[in-house]
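Here is a short note to read beside the model. Keep the structure open and find each residue as you go.

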Amino acid sequence: MLNFFAFSTVDSWEQDAFQLTVPGIIAVVVLMVALIALALVLQPKEIRNRTFTTKQLVFSAVAMALATVTSMLKLFEAPFGGSVTLFSMLFLVLIGYWYGPKAGLMTGFAYGLLQFILDPVFYSVPQMIVDYPLAFGALGVSGFFFQKKYGLVIGYIVGILARFIFAWLSGVLFFAAYAEGSGMSAPVYSMVYNGSYIFTEGILTMLLISIPPVTKALLQIKRMATER
């Protein structure tokens with residue numbers, strides 16, 4: 001069955017890996033669309049009307065598109081994967097900030113699958129799940145703070161911490177061999193390696209959203225995204 005969805009290959013470091021076939025890519029796209037639809041269906045009844053659902057779909061799609069584009073604009077790229085991008089995590093966090101945890105988590109999972117499609121190479125199914133839908137979906141926990149004061153700031157911090165946990169877990173479970181020769185244990189190496197790019201981008205983003213005009217603009221965008 002796996003041969004239908006993926007074939008054996010090697011990655012850019014000459015490591016054995018798998019790559020999605022066309023049917024595999026189609027299956028992931030279908031799952032991604034289903035997750036976005038589920039994010040809309042799971043909205044509370046009091047806000048789930050046609051007008052609001054359409055607006056949420058549009059704003060969420062724009063945020064995912066901006067996250068995808070900015071993820072390709074890399075300020076720094078780590079040697080074995082991971083990079084400091086042009087605030088791409090912020091756009092994912094905004095969906096949870098606008099529409100709450102259900103929408104944030106579902107669209108985060110969908111975005112993780114989109115990132116996987118853009119570079120459909122993986123080493124095992126568990127590794128793919130941890131590194132893509134779970135790691136990026138974790139940014140959606142920002143939605144649990146969408147009604148709180150300073151909800152964007154708190155949600156962003158918690159979101160990137162949640163993503164870091166999955167990135168760290170992946171490093172320990174699937175890429176421990178990379179720690180050899182570093183003088184560090186696999187857990188410590190994974191913490192340092194993944195923290196170097198996730199928290200660097202996090203600090204840069206926090207500086208950005210703390211600028212008063214940016215803060216005001218983000219509040220105005222939230223009003224536009226949520227008004228009915």
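How many salt bridges does a search of the whole structure find? The points below begin with that.

This is a predicted model, in which local features need pLDDT of at least 70, side-chain atom pairs count only at pLDDT 80 or more, and totals for chains, interfaces and linings use all residues. Residues are numbered from 1 along each chain as its sequence is written, and side-chain values use heavy atoms, with hydrogens and water left out.

1. **The salt bridge.** The search finds one. A salt bridge here is a side-chain nitrogen of Lys or Arg within 4 Å of a carboxyl oxygen of Asp or Glu. The partners are E77 and K74, and their closest N and O atoms are 3.4 Å apart. In general, side chains of opposite charge can pair when their charged atoms come close. K74 counts as partly exposed because its relative accessibility is 42%. The classes are these: buried is under 20% relative accessible area, exposed is over 50%, and partly exposed lies in between (1.4 Å probe, protein chains only).

2. **Strands 3 and 4.** K74 also has a bridge partner, T85 in strand 4. Helices (H or I, at least four residues) and strands (E, at least two) are DSSP runs, numbered from the N terminus. Strand 3 pairs with strand 4 (residues 83-85) in the antiparallel sense, over three bridges. Two strands count as paired if DSSP finds at least two bridges between them. The hairpin of strand 3 and strand 4 has five residues between the strands. There, G81 takes a positive phi near 105 degrees.

3. Look next for an open sheet of three strands in the order 1-2-5, with antiparallel pairing. Its edge strands are strand 1 and strand 5, each pairing on one side only. Strand 1 (residues 6-10) is joined to strand 2 (residues 16-20) by five bridges. A6 stands opposite L20 in strand 2. Strand 2 also pairs with strand 5 (residues 121-122), over two bridges. Here Q19 has V121 as its bridge partner, and F18 has F122. As a rule, strands of a sheet pair through backbone hydrogen bonds, either parallel or antiparallel.

4. **A covered helix.** How many residues of helix 4 are buried? Twelve of its twelve are, so the WHY is plain from the cut-off of under 20%. Among them are S88, F91, W98 and Y99. Helix 4 spans residues 88-99. G100 follows helix 4 and has a positive phi, near 95 degrees.

5. F87 is not a glycine, yet its phi is positive, about 65 degrees. F87 lies in the loop between strand 4 and helix 4. Y150 is another residue other than glycine with a positive phi, near 60 degrees. Y150 sits in the loop between helix 6 and helix 7 (151-174). Y150 counts as exposed because its relative accessibility is 58%.

6. **M128 in helix 6.** M128 belongs to helix 6 (residues 125-137). M128 counts as buried, because its relative accessibility is 15%. Which residues does M128 contact, leaving aside neighbours within four places in sequence? They are F116, F122 and P133. Contact means heavy atoms within 4.5 Å. M128 and F116 are twelve residues apart along the chain, and their C-alpha atoms are separated by 8.0 Å.

7. **N194 in helix 8.** Helix 8 covers residues 186-209. The side chains of N194 and Y197 are joined by a polar contact of 2.8 Å. A polar contact is a pair of N or O atoms within 3.5 Å; within protein, one must be able to donate a hydrogen and the other to accept it, and residues adjacent in sequence count only if both atoms are side-chain atoms. Not counting residues up to four places away in sequence, N194 touches F164, A167 and W168.

8. **A nonpolar patch.** On the surface, V69, L73, L75, F76, L86, I203, L204 and L207 form a nonpolar patch, with about 720 Å² of accessible area together. Strand 3 (74-77) and helix 8 are the elements that give two or more residues to the patch. Helix 8 gives the most, with three residues. L75 is in strand 3, and L75 counts as exposed because its relative accessibility is 53%. Patches are made of residues with over 30% relative accessible area and no salt bridge; like charges are joined within 9 Å, and nonpolar side chains (Val, Leu, Ile, Met, Phe, Trp, Tyr) within 5 Å. Accessible areas come from the Shrake-Rupley method with a 1.4 Å probe, and for residues only the protein chains shown count as cover.
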